Amino acid sequence: MQPEVRDHGGGIDAAVAKYGGTRDGWLDLSTGINPVPYPVGEISADAWNALPDKNAQNALTDAARQFWNVPDSAQILAAPGASSLIARIPALATAGTVRIPAPTYNEHAAAFRACGWTVSDTGTDALVVVHPNNPDGRVYHPADMTAPLTIIDESFCDICPAASMIQLAAQPNVLVLKSFGKFWGLAGARLGFLIGQPELITRMRDMIGPWAVSGPALTIGARALTDIAWANQTRLRLSADANRMDEMVEPLGARAVGGTPLFRLYEVEDAAAWQDKLAQGHVWSRIFPYSKTWIRLGLPAPDRWDQFEAAL
């Protein structure tokens with residue numbers, strides 16, 4: 001049996017091979033990662049050299065609890081990236097039918113299928129929503145979260161914290177996912193969080209094993225989650241940059257149809273042609289196998305807007 005092939009952003013190496021240039025000369029707008037990462041600062045030698053201790057783990061989860069206003073009854077599990085949690089979540093319940101409103105991030109469906117679940121538009125045993133959704137930015141309402149097992153993926157919700165459904169983590173069989181890499185721009189740190197009631201969180205903790213998060217990631221995560229001023233300033237900048245991108249591309253025939261301040265979704269006449277044109281200027285974008293007219297663009301770093309404008 002051939003492994004399932006999932007469509008993702010990235011693929012700069014293939015773009016370089018096709019269009020030329022060097023990797024560091026390319027502007028990668030195919031992902032929704034903040035292009036101005038959190039300044040991590042100095043990391044102690046002990047964080048690198050020793051096994052992560054309980055104090056470092058508690059500092060991270062305490063910071064997460066305060067930053068996301070996690071209900072007192074909910075537990076927080078830090079893990080080496082949200083993807084590692086997504087892959088394991090289906091094993092927390094007996095396989096049945098799961099509803100995952102599409103289009104959305106495709107790793108959820110792949111993970112459930114790999115654990116013997118049936119992904120169906122009418123699935124009743126579990127529900128997965130990405131909130132706000134990738135790629136169209138759709139947001140959901142707490143009243144819709146009624147399945148026996150409900151997973152709310154809030155990987156992009158830190159740009160709109162008022163929309164968070166974190167309060168539902170106080171309910172049985174509701175799990176809220178958080179990603180560190182996107183809003184803080186540190187995908188390489190491999191840090192994600194699962195928040196929910198103790199029974200499910202304890203079972204997931206047993207699945208991922210001890211010392212799941214590296215010492216440097218614990219330090220960086222705790223530092224970033226307590227830096228409220230940086231988070232507030234970042235939201236303002238991302239919102240302004242998203243508006244700037246809309247103003248640049250819409251006069252060229254692209255219509256904004258969704259997204260978030262971390263990525264923009266446009267409808268164009270021919271998405272593949274748009275991707276090709278941008279690639280000629282060494283700007284990589286995201287198109288989708290299920291749509292010939294959708295193109296998604298992340299945001300350039302402050303010093304790379306000229307390259308994006310030239311590619312247009």
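In this predicted model, helix α3 packs against helix α7 (residues 215-225) at an angle of about 30°, with the two axes 8 Å apart. Here an axis is a line fitted to the C-alpha atoms over the stretch in contact, and angles run from 0 to 180 degrees between N-to-C directions. Because angles under 35 degrees count as roughly parallel, α3 is roughly parallel to α7. The crossing of α3 and α7 is left-handed, meaning that the near helix is turned anticlockwise from the far one by less than a right angle.

Which residues of α3 and α7 make the contact? With contact taken as heavy atoms within 4.5 Å, α3 brings A56, Q57, A59, L60, A63, A64, F67 and W68, while α7 brings L218, G221, A222 and L225. These residues divide into 10 nonpolar, 2 polar and no charged; Gly is counted as polar, and Asp, Glu, Lys and Arg as charged.

A pocket is an open set of points on a 1 Å grid with protein on both sides within 12 Å along at least five of seven lines, and lining residues have an atom within 4 Å of a point. Of the 18 lining residues, Q57, T61, I76, L77 and R205 lie nearest the centre of the second largest pocket. The elements giving two or more residues to this lining are α3 (54-68), β2 (75-79) and α6 (198-208); helices are DSSP runs of H or I with at least four residues, and strands are runs of E with at least two, numbered from the N terminus. By class, the lining has 9 nonpolar, 5 polar and 4 charged residues.

Residues are numbered from 1 along each chain as its sequence is written, and side-chain values use heavy atoms, leaving out hydrogens and water. Local features need pLDDT of at least 70 and side-chain atom pairs count only at pLDDT 80 or more, whereas totals for chains, interfaces and linings use all residues.

Note on methods
On a 1 Å grid over the protein atoms alone, a cavity is a set of points where a 1.4 Å probe fits but cannot get out, and a pocket is an open set with protein on both sides within 12 Å along at least five of seven lines; lining residues have an atom within 4 Å of a point. Angles under 35 degrees count as roughly parallel, over 145 as roughly antiparallel, 65 to 115 as roughly perpendicular and the rest as oblique.
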